[in-house]
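Dear colleague,

Please find below the structure that I am handing over to you, followed by an account of what was found in it.

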Amino acid sequence: RDCGTCVACLPACPTGALDADGLDARRCLAAWLQLPGSLPHWIRPHLGRRVYGCDDCLTSCPPGTRAISEAPEADPLGFAEFLALDDDALVERFPHWYIPRRDGRYLRRNLLVALGNSGDPTFAPLLTASLDHPSGLARGHAAWALARFSPEGGRIALVGSTGVQVNIQRLEYQTYDDIGNITRIRDYRNDNQRLTDLTERLLGT
């Protein structure tokens, strides 16, 4: 389709991924939500309460608005109900979604980031419970989300409880360098300094 002089989608993109030259997928929220692995810290606040996809460009587009209005309404489900499902049930709930490797951990990761961005501290117990999840991916994103409500409270929850300390020591945490390579932090169970460094990185301090 030729958009002519219409540029309505360009300012609508929350991360500036769209410009006159096209789409920079490295900044596209919908793309990140469908990728495997850990979400880099810089993109997480931009995701807001999104769990799958981002329609900001589509809703700003006149033809796109009409298409969305004709789509069937989604079946609403609360965050707590989502997180109560196990990973397999999450995947089964949304058979038409693209989920990397059909692995429900990635939907859970997205849910935890959305909770952290919600600004609603009543979700803190859900996040605290997720610190005991068997997946390191879930534990790491739950720790980050919990710290969004209260960095100091997050530090107490992460470091002040012996049970949680064990979980922190089992995390498989990933960060991305400036050119997109993954850097892993591993083998720090008996390294107190590295554990402290990891906790600070999780809390964004």
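Which residue forms a salt bridge with Arg26? The partner is Asp24, and the closest N and O atoms of the two are 3.0 Å apart. A salt bridge is taken here as a side-chain nitrogen of Lys or Arg within 4 Å of a carboxyl oxygen of Asp or Glu. Arg26 is exposed, at a relative accessible area of 64%, while Asp24 is partly exposed, at 23%. For these classes, buried means under 20% relative accessible area, exposed over 50%, and partly exposed in between (1.4 Å probe, protein chains only).

Some notes on the source are needed before the remaining findings. This is a predicted model, in which local features need pLDDT of at least 70 and side-chain atom pairs count only at pLDDT 80 or more, whereas totals for chains, interfaces and linings use all residues. Residues are numbered from 1 along each chain as its sequence is written, and side-chain values use heavy atoms, with hydrogens and water left out.

Overall composition

The protein has 13 helices and four strands; these are DSSP runs numbered from the N terminus, with helices (H or I) of at least four residues and strands (E) of at least two. Of the 205 residues, 40% are buried. The accessible surface comes to about 11,500 Å², and carbon and sulfur atoms hold 52% of it; the areas come from the Shrake-Rupley method with a 1.4 Å probe, and for residues only the protein chains shown count as cover. Among contacts (heavy atoms within 4.5 Å) between residues at least 6 apart in sequence, 55% join residues at least 24 apart.

Salt bridges

The count of salt bridges comes to four. Among them is the pair of Arg108 and Asp87, at 2.8 Å from N to O. Another salt bridge joins Asp103 to Arg105, with the closest N and O atoms 3.0 Å apart. Arg105 is partly exposed, at 28% relative accessibility.

Aromatic pairs

There are five aromatic pairs. Rings of Phe, Tyr and Trp (its six-membered ring) pair if their centres lie within 6.5 Å; planes under 30 degrees apart count as stacked, over 60 as edge-to-face and the rest as tilted. Phe79 and Phe123 are edge-to-face, at 5.4 Å centre to centre and 90° between the planes. Phe79 belongs to helix H6 (residues 79-84) and Phe123 to the loop between helix H8 (105-117) and helix H9 (124-130), so that the pair links parts of the chain 44 residues apart. Phe79 is buried at 12%, as is Phe123 at 15%.Phe94 and Trp97 are stacked, at 4.0 Å centre to centre and 10° between the planes, and both residues are buried. Ring pairs also link Phe94 and Trp97 with Tyr52 and Phe82 into a cluster.

Helix packing

The axes of H8 and helix H10 (residues 136-149) come within 8 Å and cross at roughly 5°. This makes H8 roughly parallel to H10, a class that covers angles under 35 degrees. Axes are lines fitted to C-alpha atoms, for helices over the stretch in contact, and angles run from 0 to 180 degrees between N-to-C directions. The residues of H8 that meet H10 include Arg105, Arg108 and Leu112; on the H10 side they include His141, Trp144 and Phe149.

Yours sincerely

Definitions and conventions:
Angles under 35 degrees count as roughly parallel, over 145 as roughly antiparallel, 65 to 115 as roughly perpendicular and the rest as oblique.
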